[in-house]
Amino acid sequence: AGFQLGFLRDIPINKRRNLAIAIGAGFSYDQYGQNLFINEDEQGNTTYTILDLNQDFKSNRFKLSVIEAPIELRWRSSTPSEYKFWRVYAGFRLGYTIWNQSSFKDFEKTVRVSNITEFEKLRLGTSLSVGYNKFNLFAYYSINPFFDDNAKTEDGQNVNFHGIKLGLIFYIL
């Protein structure tokens, strides 16, 4: 679950003005469900444990807040007088994480770890928005993994996962 808020400015690149490049700024807050228990040992080192499928817990979330700078190539079927139109916007997002936290809750305790050392603060991703009028389908894929090569599970596996966002996006004209 999550939400994003931002502003993009179109720069038309053809005479008809239905093709444009857009640049902008935004903020994103996301929560990812996970099967990775992130904790700290007595020395303050981050530990990563893959949870057993049979382990019972209330929630296990990874949360982050990111300042983003998107750039998009935009096509639309609009005209100067028509505001209901088809659109396809494909883009790239550069982001910087200002906060991250893992939160695990079972029936006895809550474990929270914030500002994880191995977390990659620089976020790179691709996005696609397709739709008609104000309601559009949205997809985002994080190109780089959340954690660097120093993040390893107890059995030595790299913690190598990427974020995927799927949802609706609403454009205000």
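I sort residues by class first: Ala, Val, Leu, Ile, Met, Phe, Trp, Tyr, Cys and Pro count as nonpolar, Asp, Glu, Lys and Arg as charged, and the others, Gly among them, as polar.

This is a predicted model, in which local features need pLDDT of at least 70, side-chain atom pairs count only at pLDDT 80 or more, and totals for chains, interfaces and linings use all residues. Residues are numbered from 1 along each chain as its sequence is written, and side-chain values use heavy atoms, with hydrogens and water left out.

**Entry: pockets**

I looked up the largest pocket. A pocket is an open set of points on a 1 Å grid over the protein atoms alone, where a 1.4 Å probe fits, with protein on both sides within 12 Å along at least five of seven lines; lining residues have an atom within 4 Å of a point. The largest pocket holds about 1300 Å³ of space. I take volume as the space filled by probe spheres set on the points, which are joined across faces, edges and corners. Its lining counts 44 residues, and Leu8, Arg74, Phe170, Tyr171 and Ile172 are the closest to the centre. By class, 23 are nonpolar, eight polar and 13 charged.

Which strand gives the most to this lining? I found that β1 does, with ten residues. Strands here are DSSP runs (E, at least two residues), numbered from the N terminus.

Next I checked the second largest pocket, at about 160 Å³. Its lining includes Tyr32, Gln34 and Phe161. There I noted five nonpolar, seven polar and no charged residues.

**Entry: a hairpin**

I moved on to β6 (residues 86-105) and β7, which pair in the antiparallel sense over five bridges. Two strands pair if DSSP finds at least two bridges between them. They form a hairpin, with four residues between them. Phe104 stands opposite Val111 in β7.

β7 covers residues 110-114. Val111 and Val113 make up its covered face, while Thr110, Arg112 and Ser114 make up the uncovered one. In a regular strand the side chains alternate between the two faces of the sheet.

**Entry: Ser102**

Ser102 sits in strand β6. Is Ser102 buried or exposed? Ser102 counts as buried because its relative accessibility is 1%; buried means under 20% relative accessible area, exposed over 50%, partly exposed in between (1.4 Å probe, protein chains only).

Leaving aside neighbours within four places in sequence, Ser102 is in contact (heavy atoms within 4.5 Å) with residues including Gln34, Val111 and Val113.
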